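Welcome, and thanks for taking a look at this one. Below is a short tour of its inner space, its rings and a few selected residues.

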Amino acid sequence: MCGWKLYHGRYTVIKILGMGGFGITYQARDEQLHRIVAVKEFYPCTCVRRETGTGMVLPLKDKRQMFEHLQRRFREEAEIIRSFQKTPQILDVYIVFDENGTSYYAMEFLTGESMQQVLDREGRFSWARLQNVAAPVLESVQILHERELIHRDISPDNIFLLKNGDVKLIDFGSVRNYVEADHFTTILKEHFAPPEQYINKSVQGPQTDIYALCATFYYVLSGKLPSASAQRVADREGTDSLVPLHTHNLDIPDYVEKAINKGMKIQVSERFSSVRELREALFPAPPSNSMEHIRWLVCTEGAKKGCVWAIGKNQSITVGRGDNCIIKYASDTGGVSRNHCSFYHHESSTVFVKDNRSTYGTYLNGQRILPGRWYLVNERDRILFGAEVFSVR
């Protein structure tokens, strides 16, 4: 496949990155924009063959109907991800196209490794380490839920840790609109799926992802796979085969274990009703009289001059014109993007700023910062975007 051309010669295949039951992912070069990308090809290996010489993908006899159904789902997956383009926590899809009798999509090439790969190599995470991954993952899932979508396949395999420190949620093949869907397929990961996901006529929603998030956190903190929810349902009344998290890791704060336990309840009604509630339980705000846990974000120039916002430890504030932003600007504010930048108060009492791949850029003391990276902000530093100037105290 090396040197193979796709999409009118725009993409040159370099090598195969991975193969699964439904597709092949290639590393490719975008000859138009001169960058490395990943290209995913729809190739359900059980119902197609590749024609020698031409590379055409041909459905096997009596498999065309299945092929066409799966191909529609593949394109839907691609379009769903593409609709979140420029959302920092979600993989960017650039283009979706048909060629060689099948479908493809080109996406950003990620440099790093999955959380599962890190876990396999380095062992379980401390809570201090996990929380820096958990916060952006929770944010990405919340963004999905606000669009009435559920991921349905959250696991350490699908959380990607980039070399630059960013975190991305990947693999949207099981995403569904939980409001419109009247049934769900039962493709799932055994140790991370809640009981309702085993039933295709069940009611599924945000709590389905919340269970998977908490099962993922349980696994990463303990290094042990949690009991499958199907087994837990089958346990005798009054018993639960899920081993308490503190049995595996004594250093986990009590409030973290309680939050994970609640998120993994068998009964949907007993779990958190939203990712926001789960986030608040995992990252509780400090008591109002504990001012030493607070840093202050101050707007010194611009439309919000004189406004002040408190940032508790391990909390973040997003700035922009979008509805999800804590510091929200009017839609006609010049120089401010929909999801412009974020501030994060680390447990060490230091504050960081990150540009969320904004259109207009974020400047630290006059220098434009690279998008997607966290930069330390000192008290005398000036953070600028548009006509706005911020400082940290």
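## The cavity and its lining

Arg 152, Asp 153, Ile 154, Lys 189, Phe 192, Ala 193, Gln 197 and Ala 212 line the largest cavity. On a 1 Å grid over the protein atoms alone, a cavity is a set of points where a 1.4 Å probe fits but cannot get out, and lining residues have an atom within 4 Å of a point. The volume of this cavity is about 40 Å³, a volume being the space filled by probe spheres set on the points, with grid points joined across faces, edges and corners. The structure holds 1 cavity of 30 Å³ or more.

Sorted by class, the lining has 4 nonpolar, 1 polar and 3 charged residues. Here Ala, Val, Leu, Ile, Met, Phe, Trp, Tyr, Cys and Pro count as nonpolar, Asp, Glu, Lys and Arg as charged, and the others, Gly among them, as polar.

## How to read the model

This is a predicted model, in which local features need pLDDT of at least 70 and side-chain atom pairs count only at pLDDT 80 or more, while totals for chains, interfaces and linings use all residues. Residues are numbered from 1 along each chain as its sequence is written, and side-chain values use heavy atoms, with hydrogens and water left out.

## Aromatic pairs

How many aromatic pairs are there? The count comes to 16, where rings of Phe, Tyr and Trp (its six-membered ring) pair if their centres lie within 6.5 Å, and planes under 30 degrees apart count as stacked, over 60 as edge-to-face and the rest as tilted. One of them is the tilted pair of Phe 74 and Tyr 105, at 5.2 Å centre to centre with 35 degrees between the planes. Phe 74 lies in helix H1 (residues 64-82) and Tyr 105 in strand S8 (residues 102-108), so the pair ties together parts that are 31 residues apart in sequence. Helices (H or I, at least four residues) and strands (E, at least two) are DSSP runs, numbered from the N terminus. Phe 74 is buried, with a relative accessible area of 5%, and Tyr 105 is buried too, at 3%; buried means under 20% relative accessible area, exposed over 50% and partly exposed in between (1.4 Å probe, protein chains only).

Tyr 329 and Phe 385 form an edge-to-face pair, 6.3 Å centre to centre and 85 degrees between the planes. Tyr 329 sits in the loop between strand S17 (327-328) and strand S18 (341-345) and Phe 385 in strand S23 (residues 383-385), so this pair ties together parts 56 residues apart in sequence. Both Tyr 329 and Phe 385 are buried. Ring pairs also link Trp 4, Tyr 7, Tyr 11, Tyr 26, Phe 97 and Tyr 104 into a cluster.

## Charges over rings

The charged end of Arg 129 sits over the ring of Phe 125, 4.3 Å from its centre. Arg 147 lies over the face of Phe 84, at 4.3 Å from the ring centre. The rule asks for NZ of Lys or CZ of Arg within 6 Å of the ring centre and within 35 degrees of the ring normal.

## The two sides of H7

Which residues of helix H7 (residues 254-263) are buried? They are Val 256, Glu 257, Ala 259, Ile 260 and Gly 263. These cover an arc of only 160 degrees around the axis, which puts them on the same side of H7; the arc is that of the directions from the helix axis to the C-beta atoms. On the face turned away from the buried side, H7 carries the exposed residues Asp 254 and Lys 258.

Conventions:
1 Å grid on protein atoms, 1.4 Å probe; cavity = no way out; pocket = protein on both sides within 12 Å on 5 of 7 lines; lining within 4 Å.
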